[in-house]
Amino acid sequence: MGPVDIWQLAAENFDRHYHAITDEQWDAATPCDEWTVRALVDHAVGVQALMGGALGGTAGEGADWDTVRASMAAALEQPDALEGNITHPAMGEMPKHQVLGIAGSDLLLHSWDLARAVGGDESLPAAAVEAVSMGLQRMPAEFMRAEGRFGAEVDVGADASAQDRLLAFSGRRP
């Protein structure tokens with residue numbers, strides 16, 4: 001399973017929760033400190049638009065989720081979508097497949113945040129959990145734990161599920 005597959009699983013999961021948000025839930029709290037559902041969605045969609053733009057997507061800043069998802073999916077259908085490198089303003093030069101890996105990780109974790117906030121099914125696709133866990137474990141701690149990224153790892157028992165271990169590693173309380 002490659003980064004395109006992982007992103008697609010994360011996008012499907014996010015999409016399911018996004019389209020279930022009721023009018024009353026947009027101002028609800030989320031597991032992300034100080035973010036409402038609206039702020040969480042704006043962040044997640046904005047990251048996807050930014051990363052998608054680096055991969056050839058055409059959804060601009062402020063586009064809605066459906067537009068961003070379609071734009072990213074179209075970009076990923078191009079045979080050379082993940083060939084070469086890009087220069088990211090905050091992370092420097094990096095391979096395009098790594099850009100997609102970050103986008104998929106962000107979307108997967110925020111789909112769980114969104115599910116928890118709106119009372120949805122918090123289950124994440126197992127294959128995506130495994131891939132994202134491996135990817136995050138490889139990131140330098142100073143990058144992972146920098147302000148605005150991930151909180152401190154949360155302790156979970158040795159018998160915790162793979163999903164709960166991923167969530168705990170990313171600073172979430174499963």
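**Overall fold**

I read along the sequence and found that the protein chain follows the pattern α-α-α-β-β-α-α-α-α. That comes to seven helices and two strands. I took helices (H or I, at least four residues) and strands (E, at least two) as DSSP runs, numbered from the N terminus. This is a predicted model, so I note that local features need pLDDT of at least 70, side-chain atom pairs count only at pLDDT 80 or more, and totals for chains, interfaces and linings use all residues. Residues are numbered from 1 along each chain as its sequence is written, and side-chain values use heavy atoms, with hydrogens and water left out.

The C-alpha trace spans about 40 × 40 × 30 Å along its principal axes.

Next I checked burial (buried is under 20% relative accessible area, exposed over 50%, partly exposed in between; 1.4 Å probe, protein chains only). Of the 174 residues, 43% are buried.

**Helix α1**

I listed its buried residues: Ile6, Trp7, Ala10, Ala11, Asn13, Phe14, Asp15, His17 and Tyr18. Their cover includes α2 (37–54), α3 (65–76), α4 (96–118) and α5 (126–138).

**Core**

I then looked for nonpolar cores (buried Ala, Val, Leu, Ile, Met, Phe, Trp, Tyr and Cys residues joined through side-chain atoms within 4.5 Å). The largest has 47 residues, and Phe14, Val41, Leu114 and Leu136 have the most contacts inside it. At least two residues each come from α1, α2, α3, α4, α5 and α7 (162–169). α4 gives the most, with 11 residues.

I followed up Leu136, using contact as heavy atoms within 4.5 Å. Leu136 touches Leu109, Met144, Phe150, Leu166 and Phe169, not counting residues up to four places away in sequence.

**Gly92**

I found Gly92 in strand β2 (residues 92–95). At 27% relative accessibility, Gly92 counts as partly exposed. Leaving aside neighbours within four places in sequence, Gly92 is in contact with Ile86 and Thr87. I also checked Gly56: Gly92 and Gly56 are 36 residues apart in sequence and 18 Å apart in space, C-alpha to C-alpha.
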